[in-house]
Amino acid sequence: MSATVAGRKIGSPLHYRLRRYFVEALCLLLGFVLVIWTLAPIYNMWMIALDSHDDVFNGSVWPAHASLESFRVVATEDFWYLEHFWHQFGNSFIVGGMTTLLTLLIGSLASFTVSRMHLRNGWMLTNAALMTYVIPASFLAIPFYRIMQIYGLSNHLSSVILALTTFATPYAIFIFSQYSKSIPMELDESARIDGANPWQIYYKIYLPLMAPALVAVGTYALLLAWNEYLYNFLMLSTPESMTVAVALAQFLNSDESPWNFMMATAIVYAIPPIVLYYGFRRYMAAGLTMGGVKG
Amino acid sequence: MGTTLQSLRIGRGYGGVIRPVRPLRLQGSDTSWALAFLLPYAAVFAAFVVYPVCFGLWMGSDPALYGTLLSDPRYVSTAVNTLLFVAIGVNVKMFLAFLLSGFFMSRSWWVRTLLAVFLLPWALPSLTVFVSIHYMLVTQYGLLDSLWRAVTGNDGPLFLVSQPIAMTANILSYIWKWLPFWTLIFIAARMAIPQDIYEAAEIDGATGWRRLAHVTFPLMANVYLVSTLLSTVWTLGDFPTVYFVSSGAPARLTDVLATYGFHEAFDFGYPNLGVAAMMSALPLLIPSVILLMRRIRLTGVQL
């Protein structure tokens with residue numbers, strides 16, 4: 001049968017070739033449109049960042065006098081919104097790092113118990129986690145703000161860390177339970193016969209074998225924490241406790257705030273997630289598809 | 001329930017080998033280990049999920065709040081905006097992601113490079129890109145207006161002064177940001193389709209458009225449905241898009257539920273009203289979540 005298909009192709013070579021060029025041209029066109037579509041806002045970011053303050057409002061589509069002045073201002077904290085920039089950058093790192101650690105620890109312990117210890121009613125925990133995963137975080141923002149005051153954690157980095165850990169852990173449990181199915185149960189059983197207790201099985205067998213899933217979820221948690229805005233904004237209010245996201249959005253408060261400084265700050269703020277993302281892209285993609293599509 | 005899952009697990013045994021699932025009951029010391037392992041998550045769940053959810057339900061429990069909401073014309077426009085935002089944003093995004101995933105299956109080098117570029121919006125923090133889009137639209141000095149002037153010679157429209165244009169900008173920005181993520185999901189789903197199905201289809205004469213409609217789409221229908229439901233639930237609570245792109249302009253006419261509730265609670269000082277506004281999404285949220293959980297359990301689609 002496939003010979004027929006091939007035969008048809010050979011039957012009208014010109015028609016076939018024209019058709020192929022046409023498809024190729026369409027693909028190139030689509031690629032071109034996609035590049036423009038994807039890069040337009042990013043180009044706009046660079047254009048404004050490279051403009052000098054007077055040029056921002058001259059309505060050009062190209063930076064007339066491109067300069068790195070705005071980046072110098074950001075690096076030297078030479079503007080009053082940016083006074084604590086590097087300190088805030090550090091805060092963002094603390095929030096990201098702690099959220100990642102806590103998510104990995106809590107998530108792996110919970111999923112180890114559910115998927116490796118034959119826990120009765122373990123499915124209830126998985127379902128509870130799934131529920132938390134699908135409910136939009138913004139709907140809990142107002143009560144969260146109140147309970148953080150009750151806990152006495154407001155304006156403290158730990159409030160954001162705990163909030164974001166809460167939202168990242170369900171995904172972690174999900175991916176870990178999925179991935180651990182590929183680790184043979186016999187390993188646990190033989191370790192147990194050798195006298196290992198559950199902690200030793202978790203620490204010496206489960207964790208090392210889960211490394212790819214840990215990297216995938218870790219990257220996810222770090223990106224989530226670094227990029228999150230709403231909870232950072234609600235919990236952190238003084239310049240010393242702010243993360244970069246909150247400090248950046250402050251620029252929007254005043255009408256005459258310098259766009260070029262803001263966009264330069266935004267670019268510096270976006271560098272770590274971009275590096276992380278493209279560095280760990282393979283693992284991230286694996287994390288997304290770890291469950292695979294069994295439907 | 002527990003038994004259903006257990007039997008499912010037996011049924012799915014690797015390589016057709018049915019492993020006996022021993023009812024390995026937890027022994028004395030193991031139970032305390034298990035409890036100790038679960039304690040951190042249980043604590044987090046109780047303190048930061050159960051408590052805020054109950055607190056929220058309590059804050060929004062007064063029926064009078066909903067009367068106040070309905071008598072506020074801004075709430076009505078917010079509800080309409082949210083529905084439009086979710087219905088158009090999610091469906092257009094999903095359909096485009098489905099089509100684009102086919103395009104990105106191509107093995108040629110430039111398509112693969114393009115994919116890396118195409119994923120940028122997903123990797124970038126939403127705050128930075130949405131503010132950039134906001135600057136493209138606001139005032140007559142933004143990039144879009146400048147382009148308009150360069151091409152037509154006239155001043156462009158003031159995008160954020162017109163409600164329909166501002167809402168369109170919100171939806172487009174939302175699609176811009178999340179299209180790459182769902183395209184990746186669909187690429188993964190397409191890669192899971194065995195190649196011999198396509199070969200068989202080709203022999204039967206299904207190529208091109210027919211192959212898409214009669215082979216690829218039916219095979220991906222479950223993933224498509226689950227993704228759409230999940231995305232609907234997430235998008236109902238989407239905050240940063242509208243908050244930064246249009247900032248509710250003009251005159252708070254482009255607010256969605258999340259930003260409306262935020263402003264009521266933190267700008268105008270009516271936290272209970274803000275909670276009530278978000279809870280008014282529950283009639284849509286709860287059925288979607290139930291449907292989603294059922295689909296995930298029945299079909300085993302995982303994201």
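A residue is called buried here if 20 or more other C-beta atoms lie within 10 Å of its own, exposed if 12 or fewer do, and partly exposed in between, with the C-beta atoms placed from the backbone. By that rule, buried residues make up 42% of the 295 residues in chain A and 41% of the 303 residues in chain B. The model is predicted: local features need pLDDT of at least 70 and side-chain atom pairs count only at pLDDT 80 or more, while totals for chains, interfaces and linings use all residues. Residues are numbered from 1 along each chain as its sequence is written, and chains are lettered from A and ligands numbered from 1 in the order in which they are written.

Helices (H or I, at least four residues) and strands (E, at least two) are DSSP runs, numbered from the N terminus. Chain A has 14 helices and zero strands, and chain B has 15 helices and zero strands. Two residues are in contact if their C-beta atoms, placed from the backbone, lie within 7 Å. In chain A, 77% of the contacts with a separation of 6 or more are between residues 24 or more positions apart. For chain B, 70% of the contacts between residues at least 6 apart in sequence join residues at least 24 apart.

Chain A is divided into domain 1 (2-75) and domain 2 (80-289), with bounds that come from an automatic or database domain assignment. The C-alpha centres of the two domains of chain A lie 34 Å apart. Between them, eleven residues of domain 1 are in contact with twelve residues of domain 2. On the domain 1 side, H2 and H3 of chain A are the elements that give two or more residues, and H3(A) provides the largest share, four residues. By class, that side has seven nonpolar, three polar and one charged residues. Ala, Val, Leu, Ile, Met, Phe, Trp, Tyr, Cys and Pro count as nonpolar, Asp, Glu, Lys and Arg as charged, and the others, Gly among them, as polar.

Between the chains, 76 residues of chain A are in contact with 81 residues of chain B. On the chain A side, the largest share, eleven residues, comes from H2(A). That side has 52 nonpolar, 21 polar and three charged residues.

Ser108(A) counts as buried because 23 C-beta neighbours lie inside 10 Å. Leaving aside neighbours within four places in sequence, Ser108(A) is in contact with Phe176(A), Leu207(A) and Met210(A). Ala128(A) is 20 residues from Ser108(A) in sequence and 16 Å from it in space, C-alpha to C-alpha.

Helix H13 of chain A covers residues 259-279. The expected span of a helix is 1.5 Å times one less than its number of residues. The 21 residues of H13(A) should therefore span 30 Å, and the end C-alpha atoms are 30 Å apart, which agrees. Buried residues of H13(A) include Trp259(A), Phe261(A), Met262(A), Ile267(A) and Tyr269(A). What covers the buried residues of H13(A) includes helices H2 (13-50), H3 (69-75) and H12 (244-250) of chain A, together with helix H7 (126-137) of chain B.
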